[in-house]
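Hello,

Here is the structure I said I would pass on.

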Amino acid sequence: MIERHIATLLALEAIDRNGSFTAAAQELGVSQSSVSMKIVRLERDLKVRLVERTTRSVVLSQEGKMLVEASRSAIGELENALVDVQNLQKEGVLVVEVLSSLASKWLIPRLGSFHSQNSDVTINVKVQDDQTEPLSADSDLSLRIASSAPPGIHSEFLTYEAVFPVCSPELAREFQGMSLSEAAKRVPLLDDRMALEDGSGCNWQEQFPSVAVPTEVSGGQRLVFDRSDLALQAAVSGQGLAIGRTFLCLDEIESGALVAPFGVTSRLKWGYYLVSRKSLHDWPKFLRFRAWLMDELQKIHEQAKTLKIWYD
């Protein structure tokens, strides 16, 4: 019954507040006869009189006042909900999906600067290593690496990145005067299983074809890790040569924990995309995160060029 009489309950509340059918109809933008018919229909369904009509005034019955009080309470809750929805667009939590390696090596170390500038917005990081999965229902946006813009959702291309061989400073001193292909014969090559399987091309065979890659992982000449951040950590500890990526090892190169000794860089064929729910991309808190992200990407480009770990 309630669905049929929502408009009638709003009309009854307006009648009580304005004291007349005419004023209520004007406020609601309908005719007086339409308001009268709605009230008569509800009175007939409920089998009670809701409005006492006199020649000079309109007064609600006890039953009418009960309905008006309940209607005003519901309207108040709806108004509060509308305000909450509007505030949700401006402040509160943003859930960001990101690769585990990108989260630990790049995003999380930099999130402090966002939160210091935007104390009313909280970024919650959610790991998603399967980049083929659609944006989950409980996530707002995602930093994706892909060959092209993910279909079916709002996406924006952000940047490509460079890839280059990296190792510890100690190993780099041993490689002085050697080419990459010569050095690769002397120490284990550190690979990332995820990159070998995801089609991104971030592996020795595709990025550096001059390097002779052992086909077998036995014998210690090739070590395969589940994620790129693990392979990079092995490189930091001097276990071999890894494929560095701008976003994943910029901080280690800047600190001296890793070096790129061969001056060889190439561009990863996949790029980064900012993916979001279509309803979200014009929300103020999303726009603030996007603006911060763009500033950080510009800083990365400048740092990478200075450190000579960017593609031409």
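Please keep in mind that the model is predicted.

As for its place in the chain, Thr-265 belongs to the loop that runs between helix H11 (246-255) and strand S11 (266-267). Leaving out residues up to four places away in sequence, Thr-265 touches Val-163, Phe-164, Lys-308, Ile-309, Trp-310 and Tyr-311. With Trp-310 there is also a polar contact: a polar atom of the Thr-265 side chain lies 3.4 Å from the backbone oxygen of Trp-310. Ser-116 is 149 residues from Thr-265 in sequence, and the two are 35 Å apart in space, C-alpha to C-alpha.

**Nonpolar cores**

The largest nonpolar core has 66 residues. Those that touch the most other members are Leu-102, Trp-106, Leu-143, Trp-204, Leu-241, Phe-289 and Leu-293. Helix H12 (residues 284-306) gives the most to this core, namely 7 residues. Another core, of 16 residues, lies apart from it; Ala-14, Phe-21, Leu-60 and Val-68 are among them.

What does Trp-204 touch, leaving aside its neighbours within four places in sequence? Its contacts include Pro-165, Leu-180, Leu-189, Asp-191, Val-211, Leu-241 and Ile-243.

**Aromatic rings**

The count comes to 10 aromatic pairs. One of them is Phe-114 with Phe-289, an edge-to-face pair with 5.6 Å from centre to centre and 75° between the planes. This pair links distant parts of the chain, since Phe-114 is in helix H5 (residues 100-117) and Phe-289 in helix H12, 175 residues apart. Phe-114 counts as buried because its relative accessibility is 0%, and Phe-289 counts as buried because its relative accessibility is also 0%.

Why is the pair of Phe-157 and Tyr-273 edge-to-face? The ring planes are at 70°, and planes over 60 degrees apart count as edge-to-face. The ring centres are 5.4 Å apart. Phe-157 lies in strand S6 (residues 154-159) and Tyr-273 in strand S12 (residues 271-276), so the pair ties together parts that are 116 residues apart in sequence.

Trp-106, Phe-247 and Tyr-272 form one aromatic cluster. The charged end of Arg-267 sits over the ring of Tyr-160, 3.6 Å from the ring centre.

Regards

How values were computed: Residues numbered from 1 in each chain as written. Predicted model: local features only at pLDDT ≥ 70, side-chain atom pairs only at ≥ 80, totals over all residues. Heavy atoms only, no water. Helix = DSSP H or I, 4+ residues; strand = E, 2+ residues; numbered from the N terminus. Contact = heavy atoms within 4.5 Å. Polar contact = N/O pair within 3.5 Å; in protein donor to acceptor, adjacent residues only side chain to side chain. Core = buried A, V, L, I, M, F, W, Y, C linked by side-chain atoms within 4.5 Å. Buried < 20%, exposed > 50% of the residue type's maximum accessible area, 1.4 Å probe, protein only. Phe/Tyr/Trp six-rings, centres within 6.5 Å; stacked < 30°, edge-to-face > 60°. Lys NZ or Arg CZ within 6 Å of the ring centre and 35° of its normal.
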